[in-house]
Amino acid sequence: MRLFVQAVILGVLAGGVYALMASGLTLAFGIMRVINVAQGVMIILGAYLSYTLFTHFGVDPFLSVLFVVPVVFVLGLVIELVFIRPLRASEREELSLLVTWAVALGIEGVLGLVYSTTYRSTIPSYANAAWRIGGFAVLQVQVYAFALSVVILAVLGLVLAKTRFGRAVRGTVQNPASAALLGVDERKVAAIGFGLSVATAAAAGAVYGVVTPFNPGSHYDLISLLLTIIVLGGMGSLPGTVVAAVLMGVSQALLATYISPTSARLTFFVLLIGILVVRPQGLFGAVERGKL
Amino acid sequence: MRTVSRSGAALTVVIVTALAAFPFVFKANWVVNIAVFTMMYAGLATAWNLLGGYSGYISLCNAAFFGIGAYTIANLFPTSGGPPGSTPFLILPLVGLGAAILSIPIGWVAFRTRGVTFAIVTISLLFVAQTLAFLMRSFTRGSQGMGIGVPRFSVATYERPFYLALLAIFVFAVSVCWYVRRAKLGLTLFAIRDDEDRARGLGVDTEIAKLVTFATSLGITAMIGGVWAYYITYIYPQFAVDPLITIGMVLMVFLGGKGTLWGPLLGALLLVPAQRLLAQNATTARWYLILYSGVFLFVILLLPRGIIPSVQDLVARLRSKSDRDTSSPAATVPTVPTEVVP
């Protein structure tokens, strides 16, 4: 029972970070029908930027988020303008997958040139500090990472719910044609939405680098996990994404505890096949346009 | 049903003869080595095109079945068994059949989704296969890799049997495509690509058509993986199940022309020699990923329909223009995407 609770705690903490990583994917898919395979490499890019700031200037990885987010936001704007906007709407879903995969390869190549393929890790002084609460040990960095993810997700949720831009985004997701007729600048929403979606990934990356060692090729591990999460969550549903991410984190932790850490790497596959057999539309099927 | 056009048959004979004669004309080992990889990708891309080009379902798990074929050959002919000669080539059809049967339950689950979700599910399968290749040590020996018996082929023509085997698989793949395009199966696939719901509404059995095509395409892919393993003679998980192999075949199909018969071959002929030369040079190898992504982006953004359809459009436009100059103002020739073209 103790083991079980410990595993669930660790799983929820990891799942919170997964939720932040995957919510950007859901946002981009909801607004633009774009599957961004480069989301994984954006996380790794965030991790490297944060790593560089920490090793060269001693900036705390959690503070570096303030720098990493705007930089990657601008990169996202450029990617949207140059590579995604030219795709024709009828082929956008499938072609976006290939185009962003190519972008991911390019960024992986650049990271390989700059940082080589050695595994890195951002190690601040408190990297191994842990809290003991009622006999359960939790690493402080994991709690910070979870807290940061919750804060960013909450801000994202508020922006979508309360602001003019958020209304424009939700309108575009529900019905792009009507939104455009009502004066929503679809192109602007798409560009800013894509920028935001990769910036949240990079924020998650800055803290990912503290918890897990990474190299330029690590994005493949991440993207397979994230794609599974958004399929489980029902493609385009933000609450679905968050629930699927936590579910993924918890089942991984349980498998790692009770069977073996290596089998945990296959969790997402088992979950995916299981869910697809029972519910092809995912847990929160937002297969039709209209939800986010 | 369409009969074989004379020009199409002539084109086929010329292409196959030229490909078969190649290693007997250009004998240098390094040239035939590049030809082996070109023929390998031509076969892989043609197999991918069978499902991806004709039905529009983007399957990204093909490299997983490439790995399954490779590891099957590696398990059947280990280094300890001595030089296997040409037996691995003869056993390939069985390997392909086995892989095709294995793919059916996988396809059954994956085809519960459509469009972009199908692509995501298959890409996940690819990553799972790579993880499994590391974990299933009894079948793959994990990251320490696995040796295959080295054949005692004459050094001067060492590459030739591999090249010819790959050519045979390629010809088989093209024949399957050629047949499918003329059979009811092809019409079903085109109907799925154009509007799957309407096809189902009209009583077309889309499920069986998709599964049969998926299995055939992956069976061919596994056979090619088997030849690759025998040629390389020592395989590691990260190269046997490599996302770059999937990317490679998709890229070549897009470059040559999705849904055309010879487009995948054209794509392979243009890209693989360049790719091999770049990968062998130490300086360019560091830029390899960046160059690869550059070519990929260029093709998808600027040539999304591929070379063969673009050229055909151009020819059709020129023809209709000259027709109009001489006779009545005929309507411009529309490009029908499902038109069967050589």
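Which residues have the most contacts inside the largest nonpolar core? They are A:M21, A:I35, A:I229, B:M40, B:F170, B:W228 and B:I235, and the core itself has 197 residues. Helix α2 of chain B (residues 29-52) gives this core its largest share, 14 residues. A nonpolar core here is a set of buried Ala, Val, Leu, Ile, Met, Phe, Trp, Tyr and Cys residues joined through side-chain atoms within 4.5 Å. Buried stands for under 20% relative accessible area, exposed for over 50%, and partly exposed for what lies in between (1.4 Å probe, protein chains only). As a general background, nonpolar side chains tend to be buried together in soluble globular proteins.

The model is a predicted one, so local features need pLDDT of at least 70 and side-chain atom pairs count only at pLDDT 80 or more, while totals for chains, interfaces and linings use all residues. Residues are numbered from 1 along each chain as its sequence is written, chains are lettered from A and ligands numbered from 1 in the order in which they are written, and side-chain values use heavy atoms, with hydrogens and water left out.

Chain A comes first. It has 12 helices and two strands, where helices (H or I, at least four residues) and strands (E, at least two) are DSSP runs numbered from the N terminus. Read from the N terminus, its elements go α-α-α-α-β-β-α-α-α-α-α-α-α-α. The radius of gyration of chain A is 19 Å, close to the 19 Å that the globule rule gives for 292 residues, so chain A is as compact as a globular protein of that length. That radius is taken over C-alpha atoms, and the rule is 2.2 Å times the number of residues to the power 0.38. Along the principal axes, the C-alpha atoms of chain A fill a box of roughly 60 × 45 × 35 Å. Of the 292 residues in chain A, 54% are buried. Contact means heavy atoms within 4.5 Å; of the contacts in chain A between residues at least 6 apart in sequence, 78% join residues at least 24 apart. The accessible surface of chain A is about 11,800 Å², with 69% belonging to carbon and sulfur atoms; such areas come from the Shrake-Rupley method with a 1.4 Å probe, and for residues only the protein chains shown count as cover.

Now for some individual spots in chain A. A:M21, one of the core residues named above, touches A:Q39, A:I43, A:A204, A:Y208, A:L222 and A:L226, not counting residues up to four places away in sequence. A:G24 sits in helix α1 (residues 2-32) of chain A and counts as buried because its relative accessible area is 1%. Apart from neighbours within four places in sequence, A:G24 is in contact with A:Q39, A:S197 and A:T200. A:A256, in helix α10 (residues 238-258) of chain A, is partly exposed, at 31% relative accessible area. Beyond residues up to four places away in sequence, A:A256 touches A:P261 and A:A264.

Chain B has 14 helices and two strands. With 342 residues, a compact globule would have a radius of gyration near 20 Å, and the 21 Å of chain B agrees. Its C-alpha atoms fill a box of roughly 75 × 50 × 40 Å along the principal axes. Buried residues account for 53% of the 342 residues in chain B. Chain B exposes about 14,900 Å², and carbon and sulfur atoms supply 67% of that. Inside helix α9 (residues 206-232) of chain B lies B:S217, which is buried at a relative accessible area of 3%. Neighbours within four places aside, B:S217 is in contact with B:A47, B:W48, B:L50 and B:N62.

Finally, a word on backbone angles. Most residues other than glycine have a negative phi. A:S116 has a positive phi near 60° and sits in the loop between α4 (92-115) and β1 (130-133) of chain A. B:R141, also not a glycine, has a positive phi of about 55°; its place is the loop between α6 (137-140) and β1 (146-147) of chain B. A:S116 counts as partly exposed at 29% relative accessibility, and B:R141 counts as partly exposed at 38%.
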